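Me: Hi! I'm new to this one and would like a quick tour. Could you show it to me?

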Amino acid sequence: MSGADDERQASDQRQSMSGSGDAADEDPTMPSRRRFFATAAGAAAVTALGPGAAALAAPARDAVTFWGRNQGGIATAQQSYAYVAAFDLTTAKRDELIALLRTWTAAAARMADGQTAVALGDDPAAEPHDSGEALGLPPRRLTLTFGFGPSLFRQDGVDRYGLAPRRPEALIDLPRFNGDQLVPERTGGDLCIQACADEPQIAFHAVRQLARLTYSAAKMRWAQAGFLPINNQQETPRNLMGFKDGTLNPPLSSAPLLERLVWVGEEGDWMQHGSYMVVRPIRIALEHWDRMKLGFQEQVVGRHKRSGAPLGSRHEHDPLDLDASDADGNPRIPENSHVRLAAPAANDGAQVLRRGYSYDNGLSFTAERWPPWRQGMEFDAGLLFICFQRDPRTGFVKIFDKMSKFDMMNQFVTHVGGGLFACPPGAASGGFIGQSLLEGA
Ligand code: HEM
């Protein structure tokens with residue numbers, strides 16, 4: 001049994017021992033789910049926040065501490081499920097925006113610690129303060145990552161919250177890329193939440209509570225759930241095209257690399273220690289892809305399907321040699337294959353930290369793309385592409401601009417929504433997410 005399996009088993013035992021979160025959460029004399037985790041799992045609770053913290057965020061630990069220099073869910077070892085939601089603010093008042101962020105911060109910290117979003121309450125005449133579907137579950141490494149969209153700073157020319165002068169230059173309006181078919185109802189948003197956990201009900205619960213806590217100030221604009229077979233964190237998970245995805249991601253164990261690629265470093269910038277998140281639900285024409293011959297699929301990606309090795313190599317982590325030629329003198333990794341176009345060597349060294357999930361929304365009868373091979377119904381499924389970087393202009397935009405024009409994979413994929421969000425630094429206990437933006441103004 002692997003170390004990760006041991007951890008999971010221990011986690012399951014802790015879960016069964018801890019009982020359900022209930023009135024004990026509020027009664028200091030009773031053993032509660034929260035206090036149990038604060039003690040029994042306390043030693044395992046990690047601060048996946050801060051340089052090198054990702055290395056500490058070993059798989060299958062139960063709780064990832066919410067407070068810290070950086071927000072969780074960025075350099076945290078990836079969890080198996082995500083629920084990403086974007087919100088539009090319905091309030092025009094800056095004070096209400098601050099109150100919302102304070103509320104979200106407090107609730108997020110509680111839930112990351114295995115508590116209900118707010119104290120449950122036991123008045124039969126009142127609505128329960130938390131919907132309750134996570135009662136009795138350990139936090140399963142829940143992280144909540146908050147981001148601010150460009151429209152928070154200015155919307156239709158209006159500076160609703162007096163934040164326009166503080167909009168970072170890096171928080172650009174993403175350009176329209178070749179082939180984009182963004183659906184307005186799946187695109188944009190003033191605020192974004194990425195909830196990740198090793199249990200889907202926990203991730204969904206968290207977003208649902210945050211949404212209901214702020215019904216009066218914000219409404220959900222779009223949401224997308226995702227999944228990822230992380231197994232023991234040793235093997236690279238496969239995407240819905242059946243290929244290993246993440247092989248050449250920057251390693252989370254390298255703090256200096258993350259400082260260079262992921263975290264905003266400028267002193268005095270309210271975004272210092274934050275990061276920029278690009279989210280793009282990318283629909284994959286699975287029915288079309290599944291009809292392609294194996295050899296062609298491998299040419300499209302630039303890697304072997306089974307092993308994940310670069311074409312012509314044997315092992316997944318063999319170097320990606322872009323200069324190698326085959327017996328006929330043709331490049332072994334085709335010129336318009338995905339990995340060649342995505343490689344740092346082809347993009348002046350540009351790199352991002354990818355943290356995507358597969359998604360499946362069932363069948364769709366109204367395909368957004370133009371598929372001559374359309375059968376009348378198709379899976380609405382694909383990749384919920386998520387990446388983090390210190391500057392999207394030199395990260396995602398730099399890489400994707402060329403890719404969107406030349407990648408062979410484009411025959412099979414369509415970007416249908418998403419956006420760019422500035423994820424501020426983490427909060428110190430007692431503070432709130434976005435404090436450096438809202439109180440520094
Ligand atoms: C449905 C869409 C996509 C699929 C199925 C997909 C799949 C893959 C696969 C299988 C690999 C090879 C294994 C690896 O190194 O991770 C890869 C690599 C990569 N992909 Fe994608 N990808 C998609 C979209 C994108 C987009 C939109 C970007 C934009 C930045 C991107 C950036 C990269 C990068 C940077 C690499 C690593 C290249 C390297 O370092 O050599 N991918 N992708």
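Reply: Happy to! One definition before we begin: helices (H or I, at least four residues) and strands (E, at least two) are DSSP runs, numbered from the N terminus. Also, this is a predicted model.

Me: Thanks! So where does D156 sit?

Reply: D156 lies in the loop between β2 and β3 (191-197).

Me: And what is its phi like?

Reply: The phi of D156 is positive, about 50 degrees, although D156 is not a glycine. Most residues other than glycine have a negative phi.

Me: Is D156 buried or exposed?

Reply: D156 counts as exposed because it has 6 C-beta neighbours inside 10 Å, and the cut-off for exposed is 12 or fewer.

Me: What about R141, where is that one?

Reply: R141 is in the loop between α4 (94-112) and β2 (143-148). Its phi is also positive, near 60 degrees, and R141 is not a glycine either.

Me: Buried or exposed, for R141?

Reply: R141 counts as buried, because it has 30 C-beta neighbours inside 10 Å. The cut-off for buried is 20 or more.

Me: New topic: which strands pair with β8?

Reply: β5 (residues 275-284) pairs with β8 in the antiparallel sense over eight bridges. Strand β6 (residues 353-354) is antiparallel to β8 too, with two bridges, and β7 (residues 357-364) runs antiparallel to β8 with six bridges.

Me: Which residues face each other there?

Reply: Y276 has Q389 in β8 as its bridge partner. R354 stands opposite C387, and S358 is bridged to L383.

Me: How many residues of β8 are buried?

Reply: Nine of the 12 residues in β8 (residues 378-389) are buried, so that strand is mostly covered.

Me: And what's in the largest nonpolar core?

Reply: That core has 100 residues. Those with the most contacts inside it are A82, L142, L191, A195, A203 and A206.

Me: What does L191 touch?

Reply: Leaving out residues up to four places away in sequence, L191 touches A86, F87, L89, F146, F148, G149, L152 and A218.

Conventions. Residues numbered from 1 in each chain as written. Predicted model: local features only at pLDDT ≥ 70, side-chain atom pairs only at ≥ 80, totals over all residues. Core = buried A, V, L, I, M, F, W, Y, C linked by C-beta atoms within 7 Å. Contact = placed C-beta atoms within 7 Å. Pairing = 2+ DSSP bridges.
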